[in-house]
Amino acid sequence: MKVGRGNARDQEFHDFVSARRAGLVRTATLLTGGDAHTAEDLVQTTLTRLYVAWPSFRAARNPDGYLRRALVNCLVDEHRRPWRRAERSTAAPPDTEAPVPDDEPEAAGEVRRALRELPPRMRAAVVFRYFYELDIAETADALGCSTGTVKSQTARGLDRLREALDRSVSGAVI
């Protein structure tokens, strides 16, 4: 059977998704502060955009950086959607929180909650620097910004995480 150009591309993309999807979902879960549903949507949107831009992705000198940037761009776009701005904060917490897996330590849940308080790009800078141990230049490449911006975003992000975790430990916010 002859494999056409489109079929070969589809098979290559399918193989890529099979190999990388689980890692993308883990990264997206961190980038969304533990929101599994938004993480799944984020990965789906990213993979859709990646399929459309597959020739550019294949030609990229740093495919992992390209993929991280696509994920962050989709995250930022998601937070810019008009319906997100229409949501209002309330003094009372939401009805229920997503269930925490039984095997997850309590501290991990608190870190996820603290991550959710950060703006998306600041959260991405912290996740790429400290969860994935990327250097400053790699993080700047993933975020499409300067190294100075990465330094300031991670410093502010860590300060805000410390404040959120201190509040959580003192029992003021859980």
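# Briefing: a buried glycine and the helices around it

At 0% relative accessibility, Gly157 counts as buried (buried means under 20% relative accessible area, exposed over 50% and partly exposed in between, with a 1.4 Å probe and protein chains only). The model is predicted, so local features need pLDDT of at least 70 and side-chain atom pairs count only at pLDDT 80 or more, whereas totals for chains, interfaces and linings use all residues. Residues are numbered from 1 along each chain as its sequence is written, and side-chain values use heavy atoms, with hydrogens and water left out.

**Overall architecture**

- Along the sequence, the pattern is α-α-α-α-α-α-α-α-α.
- Of the 174 residues in the protein, 33% are buried.
- Among contacts with a separation of 6 or more, 64% involve residues 24 or more positions apart; a contact means heavy atoms within 4.5 Å.

- Gly157 belongs to helix H9 and touches Leu118, Met122 and Val126, when residues up to four places away in sequence are not counted.
- The C-alpha atom of Gly157 is separated by 8.8 Å from that of Pro119, 38 residues away along the chain.
- Helix H7 (residues 120–131) packs against helix H9 (residues 147–170) at an angle of about 95 degrees, with the axes 8 Å apart. The axes are lines fitted to C-alpha atoms, for helices over the stretch in contact, and angles run from 0 to 180 degrees between N-to-C directions.
- H7 and H9 are therefore roughly perpendicular, a class that covers 65 to 115 degrees, while angles under 35 degrees count as roughly parallel, over 145 as roughly antiparallel and the rest as oblique.
- On the H7 side, the contact is made by Arg121, Met122, Ala125, Val126, Arg129 and Tyr130; on the H9 side, by Val150, Gln153, Thr154, Arg156, Gly157, Leu158, Arg160 and Leu161.
- By class, this contact of H7 with H9 has seven nonpolar, three polar and four charged residues. Ala, Val, Leu, Ile, Met, Phe, Trp, Tyr, Cys and Pro count as nonpolar, Asp, Glu, Lys and Arg as charged, and the others, Gly among them, as polar.
- Glu133 follows H7 and has a positive phi, near 50 degrees.

**Nonpolar core**

- The largest nonpolar core has 37 residues, and those with the most contacts inside it are Phe16, Leu31, Leu47, Leu50 and Phe128. Such a core is a set of buried Ala, Val, Leu, Ile, Met, Phe, Trp, Tyr and Cys residues joined through side-chain atoms within 4.5 Å.
- At least two residues of this core come from each of H1, H2, helix H3 (54–59), H4, helix H6 (106–116), H7, H8 and H9.
- H1 gives the most to this core, with eight residues.
- Leu50 touches Phe13, Phe16, Phe57, Tyr66 and Leu67, apart from residues up to four places away in sequence.
- Thr27 lies in helix H1 and counts as buried, at 9% relative accessibility. Leaving aside neighbours within four places in sequence, Thr27 is in contact with Leu71, Phe128 and Tyr132.

**Salt bridges**

- The whole structure holds seven salt bridges, each defined as a side-chain nitrogen of Lys or Arg within 4 Å of a carboxyl oxygen of Asp or Glu.
- Arg20 and Asp64 form one of these, with an N to O distance of 2.8 Å. The pair links distant parts of the chain, since Arg20 is in helix H1 (residues 5–31) and Asp64 in helix H4 (residues 63–80), 44 residues apart. Arg20 is partly exposed at 31% relative accessibility, and Asp64 is partly exposed at 34%.
- Asp77 and Arg49 form another, at 2.9 Å from N to O. Asp77 lies in helix H4 and Arg49 in helix H2 (residues 36–52), so this pair ties together parts that are 28 residues apart in sequence. Asp77 is partly exposed at 28% relative accessibility, as is Arg49 with a relative accessible area of 39%.
- Asp141 and Arg69 meet in a salt bridge at 3.7 Å, N to O. Asp141 is in helix H8 (residues 136–143) and Arg69 in helix H4, so the pair ties together parts 72 residues apart in sequence. Asp141 counts as partly exposed at 25% relative accessibility, and Arg69 counts as partly exposed at 32%.

Key:
Helices (H or I, at least four residues) and strands (E, at least two) are DSSP runs, numbered from the N terminus.
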